[in-house]
Amino acid sequence: MAVDDLDLPFAVSQIGARDGEPVVVLPGGPCRGFEYLGDLAGLAGTYNLVVLHPRGTPLSGGLSHGWWADADDVVALADALGVRQVRVVAHSAATRLALAAAARFPDRLQSLALVTPPASWLSGTTEDVGVIELDRDDPEVADALEALELDDPDTDAAFMRLFRRQAAATYAHWTRHEQAHAGVGVMNLAAVSAWFTDIPVDVVSRICGAVMPPTLVIGGGNDVLTGRQPVVDYARALHAELAVIDDCGHYPWVEQPDAFYRIVDDWLTGEATPARPSHSSTVDAVLPD
């Protein structure tokens with residue numbers, strides 16, 4: 001089915017292969033334009049990737065009802081695609097949406113791949129940003145780390161300026177390659193604020209108490225936005241598999257595309273198994289030229 005024919009209250013894009021079982025992709029931000037995903041290190045050439053643009057993103061417009069309530073949209077997309085269960089790949093802020101869908105509709109998700117998820121909110125682990133290795137002598141990186149401590153501004157223009165200023169600290173290295181990627185995909189302040197509205201006060205216990213589908217957590221060993229130990233504990237709380245990609249920040253398909261492709265491809269092609277205690281595996285990869 002061509003996604004252009006779907007009648008849904010949010011936008012949907014189909015990227016890459018048009019045949020085969022759909023894999024639903026949830027971009028982060030929150031509510032960032034999906035262009036920053038690119039082709040997900042070539043996964044679009046192998047899989048039928050169907051991108052759900054959450055409410056509040058540039059193509060969907062409007063505002064989120066809050067990521068907990070917006071889990072309805074994941075199920076609505078599955079219904080429109082005519083599939084009972086969907087495999088989901090979610091990045092960053094959208095990992096919350098993926099978890100909400102899994103907790104609220106446990107029979108509708110076949111598997112989850114959660115890429116560089118914010119973790120401390122779920123794991124309760126103290127952030128360990130200070131021990132993460134970065135090019136801290138680079139003035140732009142140092143400035144970006146300082147900017148991460150600033151409060152969000154109150155206008156869209158100022159919000160995006162701060163977001164761009166922070167970018168240098170969100171990659172393991174700040175070369176032209178990463179700089180080009182950092183400028184892709186816009187957000188707006190109202191959408192970001194709406195994303196966090198009307199979240200149940202007991203959301204952590206609801207998620208941790210739910211029976212999750214088979215879940216893979218992919219962390220970046222140099223990701224200051226998530227920390228490292230919080231992601232390990234996050235995966236353990238979800239009884240998930242864990243792969244940590246070294247020499248990698250918040251965008252592994254950009255920074256370590258070969259490792260990212262291999263991990264996600266192995267996950268999507270593997271036999272789904274029941275949720276089980278997590279174990280940690282570290283993937284060493286060479287930074288591309």
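First, the ground rules. Residues are numbered from 1 along each chain as its sequence is written, and side-chain values use heavy atoms, with hydrogens and water left out. As the model is predicted, local features need pLDDT of at least 70 and side-chain atom pairs count only at pLDDT 80 or more, while totals for chains, interfaces and linings use all residues.

The largest pocket holds about 1,100 Å³ of space. A pocket here is an open set of points on a 1 Å grid over the protein atoms alone, where a 1.4 Å probe fits, with protein on both sides within 12 Å along at least five of seven lines; lining residues have an atom within 4 Å of a point. There are 38 lining residues, and Gly29, Pro118, Leu148, Gln166 and Leu225 are the closest to the centre. Helix 3 (120–123) and helix 5 (156–166) each give two or more residues to this lining, and helix 5 gives the most, with 4. Helices are DSSP runs of H or I, at least four residues.

Next, the cysteines. The structure holds 0 disulfides (pairs of cysteine sulfur atoms within 2.5 Å). Cys31 is buried because its relative accessibility is 2%, and Cys248 is buried at 0%. Buried means under 20% relative accessible area, exposed over 50%, and partly exposed in between, with a 1.4 Å probe and protein chains only.

Last, His177, in helix 6 (residues 176–182). His177 is partly exposed, at 39%. A polar atom of the His177 side chain lies 2.9 Å from the backbone oxygen of Val254. The two residues are 77 apart along the chain, with 8.3 Å between their C-alpha atoms.

Methods:
Grid points are joined across faces, edges and corners, and a volume is the space filled by probe spheres set on the points. A polar contact is a pair of N or O atoms within 3.5 Å; within protein, one must be able to donate a hydrogen and the other to accept it, and residues adjacent in sequence count only if both atoms are side-chain atoms.
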